[in-house]
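Please read it alongside the sequence and the coordinates shown here.

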Amino acid sequence: MKPIRLPEPPSGGMGVPDIFEGGVDVIRRAIVISNGTTAAENQSVGLVRALGLADKLSIYRVTRQRWGVNEWLHWLSRLIRQIFTDSRFATSPPDMKSFPFPGLLSILEEDGKKIASIASETYKNVLKGIFPPFREGPLLVVACGHHTVSIASSVKHLASEKVFVIQVQHPRSCLDRFDLVITPRHDYYALTASGQQEIPRIFRRWITPQDTPGSNVVFTIGALHQADSTALRLAANAWHDELAPLPKPLLVVNIGGPTRNCKYSSDLATQLVGSLQNVLASCGSVIVSFSRRTPMKVFDIVKRDLGGHPKIYIWDGEDPNLHMGQLAWADAFVITTDSISMLSEACSTGKPIYVIGSEHCKWKFSAFHKTLRERGAVRPFTGFEDMSNTWSYPPLNDAAEVAAQVRDILAKRGLALGH
């Protein structure tokens with residue numbers, strides 16, 4: 001058989017598509033700016049995983065002493081930005097140097113200068129042995145949490161051509177300071193008819209900017225996270241010996257804690273205990289776990305009333321954390337409605353989810369729960385359920401869907417993701 005000979009590439013610049021002239025910008029590295037909380041960091045890392053850059057990832061944590069001078073500086077800076085970026089006063093993207101109190105802002109942006117410097121070094125790097133004009137391209141910067149907003153926006157300002165900056169969660173300020181903003185649709189609840197009835201006009205602009213979302217805003221249903229199909233398969237294998245032998249069906253109960261938008265007391269714990277006792281006959285085994293926000297009085301009620309039952313295992317919060325194992329091996333979930341993150345992760349499994357406490361939640365949390373009910377992902381936990389009866393729905397896969405949109409947006413800018 002004669003060997004196949006491929007045509008030689010054209011010499012010089014003849015026949016080279018315009019898109020390749022001057023080299024191709026490929027994003028090969030990512031930096032996550034985290035506010036130090038697990039929930040916010042999981043969202044950023046989950047997106048980077050979905051984009052295929054998890055093995056080229058660095059994390060920078062912004063830690064601030066709560067209610068110390070840095071906390072007050074942050075809120076003062078946020079107030080200044082809100083005033084000076086209001087669309088009623090600004091006709092173009094604001095210049096960072098035009099802000100008053102530059103010393104104040106420089107304190108908050110000190111880490112941003114370092115990341116911008118890293119971006120410049122990455123951008124100048126040439127891959128030896130391939131093509132001299134083939135650059136690594138911009139650095140992908142993903143930030144999440146209100147403490148990261150000023151730093152992420154300063155990175156964009158200081159290295160605008162060398163970074164692609166994504167802010168996860170609504171920054172509550174001018175959206176054009178970022179290349180992309182990824183936010184749950186319920187963050188715009190204040191502008192809906194129901195939201196306008198609940199929220200006084202004077203407070204709306206502090207909750208959601210009045211600007212119509214532009215082309216750089218991508219919506220999700222819930223929170224981004226790392227519980228993708230690959231992670232769940234790995235968790236199923238890692239926790240096989242501990243969780244596979246448990247009698248089925250395995251019911252996982254995730255208990256959070258009251259928030260300002262989902263206020264409840266120990267009465268909810270008493271209600272939960274009673275409902276769980278009613279469904280135990282149809283359960284093979286039950287695992288109960290708590291979040292960092294769970295009040296001690298809630299933990300004590302659950303531990304006191306359920307801790308001695310042979311079907312029930314109560315996780316004490318010590319390592320190793322079996323959270324991913326629970327997601328992989330559970331047959332059904334019961335989850336308190338205060339945590340969008342916990343619900344979003346469970347919804348990625350397509351397994352039955354029963355929620356408790358939704359009547360205590362208001363405004364955007366109510367909107368989120370309503371969306372999940374309409375998708376068939378959640379049902380109220382009444383205590384009359386037969387846990388051996390199962391049901392399913394299309395898994396909620398925000399990270400993968402957002403990643404596809406990010407790739408399209410990058411392509412329109414002449415950028416690609418490398419590995």
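The points below are grouped by topic, from the overall fold to individual residues.

The model is predicted. The protein has 15 helices and 14 strands, and of its 419 residues 50% count as buried. Among contacts between residues at least 6 apart in sequence, 75% join residues at least 24 apart. The structure contains one disulfide and three cavities of 30 Å³ or more.

**The second largest cavity**

- The second largest cavity holds about 50 Å³ of space.
- The residues lining the second largest cavity are I255, Y264, L268, A269, L272, V298, T336 and I356.
- By class, seven residues of this lining are nonpolar, one is polar and none is charged.
- Helix α10 (residues 266–279) supplies the largest share of the lining of the second largest cavity, with three residues.

**Helix α10**

- The 14 residues of α10 should span 20 Å at 1.5 Å a residue, and the distance of 20 Å between its end C-alpha atoms agrees with this.
- The buried residues of α10 are L268, A269, L272, V273, S275, L276 and V279.

**The disulfide and other cysteines**

- C262 and C361 are joined by a disulfide, with an S to S distance of 2.0 Å.
- The link of C262 and C361 is right-handed, with 115° about the S-S bond.
- C262 lies in the loop between β8 and α10, whereas C361 lies in the loop between β12 and α14 (363–374), so the pair ties together parts that are 99 residues apart in sequence.
- C262 counts as buried because its relative accessibility is 1%, under the 20% limit.
- C361 likewise counts as buried, at 8% relative accessibility.
- C144 has a relative accessibility of 0% and counts as buried.
- C283, at 5% relative accessibility, counts as buried.

**Helix α13**

- In helix α13 (residues 340–347), seven of the eight residues are buried, so the helix is largely enclosed by the rest of the structure.
- The buried residues of α13 are I340, M342, L343, S344, E345, A346 and C347.
- These buried residues of α13 pack against the helices α1, α12 (323–329) and α14, and against the strands β8, β11 and β12.

- Q43 is buried, with a relative accessible area of 5%.
- Not counting residues up to four places away in sequence, Q43 touches C144, V168, Q169, A223, L224 and H225.
- One of these contacts of Q43 is C144, which is itself buried at 0% relative accessibility.

**V26 in strand β1**

- V26 is part of strand β1 (residues 25–27).
- V26 has a relative accessible area of 7% and is buried.
- V26 and G414 are 388 residues apart in sequence, while their C-alpha atoms are 8.8 Å apart in space.

**L57 in strand β3**

- L57 belongs to strand β3 (residues 57–61).
- At 23% relative accessibility, L57 counts as partly exposed, because buried residues must fall under 20% and exposed residues over 50%.
- L57 and A30 are separated by 27 residues in sequence and by 4.9 Å in space, C-alpha to C-alpha.
- Leaving aside neighbours within four places in sequence, L57 is in contact with A30, I31, V32, V45 and V48.

How values were computed. Residues are numbered from 1 along each chain as its sequence is written. This is a predicted model: local features need pLDDT of at least 70, side-chain atom pairs count only at pLDDT 80 or more; totals for chains, interfaces and linings use all residues. Side-chain values use heavy atoms; hydrogens and water are left out. On a 1 Å grid over the protein atoms alone, a cavity is a set of points where a 1.4 Å probe fits but cannot get out, and a pocket is an open set with protein on both sides within 12 Å along at least five of seven lines; lining residues have an atom within 4 Å of a point. Grid points are joined across faces, edges and corners, and a volume is the space filled by probe spheres set on the points. Helices (H or I, at least four residues) and strands (E, at least two) are DSSP runs, numbered from the N terminus. Ala, Val, Leu, Ile, Met, Phe, Trp, Tyr, Cys and Pro count as nonpolar, Asp, Glu, Lys and Arg as charged, and the others, Gly among them, as polar. The expected span of a helix is 1.5 Å times one less than its number of residues. Buried means under 20% relative accessible area, exposed over 50%, partly exposed in between (1.4 Å probe, protein chains only). A disulfide is a pair of cysteine sulfur atoms within 2.5 Å. Contact means heavy atoms within 4.5 Å.
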